[in-house]
Amino acid sequence: MRTKELHELTVDELNVKLKELSEELFNLRFRHAIGQLENPASLKTCKKDIAKVKTLLRERELGAKA
């Protein structure tokens, strides 16, 4: 997911996206553990997307306090 697309989302939408990505990461880890994951790099990209969303949520939280 591109950062530009994430900047356009609201806080509620970002929270929903974070939940979806967390579920996706769980599924990827599960498939990796049982040997059915075709693209191991997808774990890395999913983790990075989660980090992007968390960073944006934190920035907005700090911006609201300032």
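User: Which residues in the largest nonpolar core touch the most other members?
Analyst: In this predicted model, the largest nonpolar core has 13 residues, and Leu14, Cys46, Ile50 and Val53 touch the most other members. Helices α2 and α3 each supply at least two residues of this core.

User: Which helix gives the most to this core?
Analyst: Helix α3 gives the most, with six residues.

User: What is valine 53 in contact with, leaving aside its neighbours within four places in sequence?
Analyst: Valine 53 is in contact with Leu6, Leu14, Lys17, Leu18 and Leu21.

User: Now aspartate 49. Where is it found, and why does it count as buried or exposed?
Analyst: Aspartate 49 is found in helix α3, residues 41-65. Aspartate 49 counts as buried because its relative accessibility is 13%, and the cut-off for buried is under 20%. Leaving aside neighbours within four places in sequence, aspartate 49 is in contact with Met1 and Leu21.

User: Turning to the surface, which residues form a nonpolar patch?
Analyst: Phe26, Phe30 and Ile34 form one, with about 350 Å² of accessible area together. Of these, phenylalanine 30 is found in helix α2, residues 11-33.

User: And the overall fold: how many helices and strands are there?
Analyst: The protein chain has three helices and zero strands, in the pattern α-α-α along the sequence.

User: What is the radius of gyration of the chain?
Analyst: The protein chain has 14 Å, whereas a compact globule of 66 residues would have a value near 11 Å. Along its principal axes, the C-alpha trace spans about 45 × 20 × 15 Å. Buried residues make up 23% of the 66 residues.

Terms used:
Residues numbered from 1 in each chain as written. Predicted model: local features only at pLDDT ≥ 70, side-chain atom pairs only at ≥ 80, totals over all residues. Heavy atoms only, no water. Helix = DSSP H or I, 4+ residues; strand = E, 2+ residues; numbered from the N terminus. Buried < 20%, exposed > 50% of the residue type's maximum accessible area, 1.4 Å probe, protein only. Contact = heavy atoms within 4.5 Å. Patch = residues over 30% accessible without salt bridge, like charges linked within 9 Å, V, L, I, M, F, W, Y side chains within 5 Å. Areas by Shrake-Rupley, 256 points an atom, 1.4 Å probe, with all protein chains shown as cover. Salt bridge = Lys/Arg side-chain N within 4 Å of Asp/Glu carboxyl O. Core = buried A, V, L, I, M, F, W, Y, C linked by side-chain atoms within 4.5 Å. Rg over C-alpha atoms; globule rule 2.2 N^0.38 Å.
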